[in-house]
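The stops below follow charged side chains, one selection at a time.

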Amino acid sequence: TFQSLKGLIPPEHREFEDVWSIFIRGDEVFFRASNKLYHLYHDKFHVYTDLNLGFLGLANDQLFLHDKSKGLFLYENRKVRKISGSDVFQQKLIMGLIALDSTRFLIATNKHGLFEWNGKEVKAWKSNADKFLKENQVHSIENILGGGIAVGTSLAGVLLIDSSGRALHHLDRKAGLLDNRVLDLFTDRDQNLWLGLDKGINYIV
């Protein structure tokens, strides 16, 4: 059954175009649309408009927001808190964010490689695949079985790396993918990896 939520949105915020991402955290739902954050909680929307949102991500139940002109922020109790050292993300595109463990997070940028935030500082994440990722433009990132990480690219398929940044496997059209543009990654409940591609879907067991 379809149920419209429009009536719950404050009238002045009902006009928007695409919804780019949706995340669920407990009984809260977050929508990123038209440079606004729509936060649904107990049948009431709170709309945050002070950031020009280019990315919304959820990891370890923490909600991350990126403003290309300002940096990376955490959204807590209906307020945003800027992450110290996140000026490095100004004028960059953040394409994905995952948890490395309970306190460390890995942030994927489109053309500038991977970065780690440990709760105190942001630093470049060392990997022997750094050059490959920068040249082939990261588009998505996901945790996979065994503590590994899958990184989808715009130009060269998907790269599987371990938690220390060492490249393990590279899968592209030559290896059987439908095409090399990996727009999204998803791990199902059986820890199988799904790839959303420009020209279809691939499934990696």
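Select D130 and K134: they form a salt bridge (a side-chain nitrogen of Lys or Arg within 4 Å of a carboxyl oxygen of Asp or Glu), with the closest N and O atoms 3.1 Å apart. Both residues lie in helix α1 (residues 130-136), four residues apart, about one turn of the helix. Helices (H or I, at least four residues) and strands (E, at least two) are DSSP runs, numbered from the N terminus. D130 is partly exposed at 23% relative accessible area, and K134 is also partly exposed, at 37%. Here buried means under 20% relative accessible area, exposed over 50%, and partly exposed in between (1.4 Å probe, protein chains only).

The model is predicted: local features need pLDDT of at least 70, side-chain atom pairs count only at pLDDT 80 or more, and totals for chains, interfaces and linings use all residues. Residues are numbered from 1 along each chain as its sequence is written, and side-chain values use heavy atoms, leaving out hydrogens and water.

Next, select D101, R104 and E116, which are linked in a network of salt bridges. Between D101 and R104 the closest N and O atoms are 2.8 Å apart. D101 has a relative accessible area of 31% and is partly exposed; R104, at 26%, is partly exposed too. Now look at the other partner of the arginine: E116 pairs with R104 at 3.4 Å between the closest N and O atoms. This pair links distant parts of the chain, with E116 in strand β11 (residues 114-117) and R104 in the loop between β9 (94-99) and β10 (105-109), 12 residues apart. E116 is buried, at 7% relative accessibility. By the salt-bridge rule the count comes to nine.

Last, go to D188, in the loop between β17 (182-187) and β18 (193-197).

Not counting residues up to four places away in sequence, D188 touches W194 and Y203, where contact means heavy atoms within 4.5 Å.
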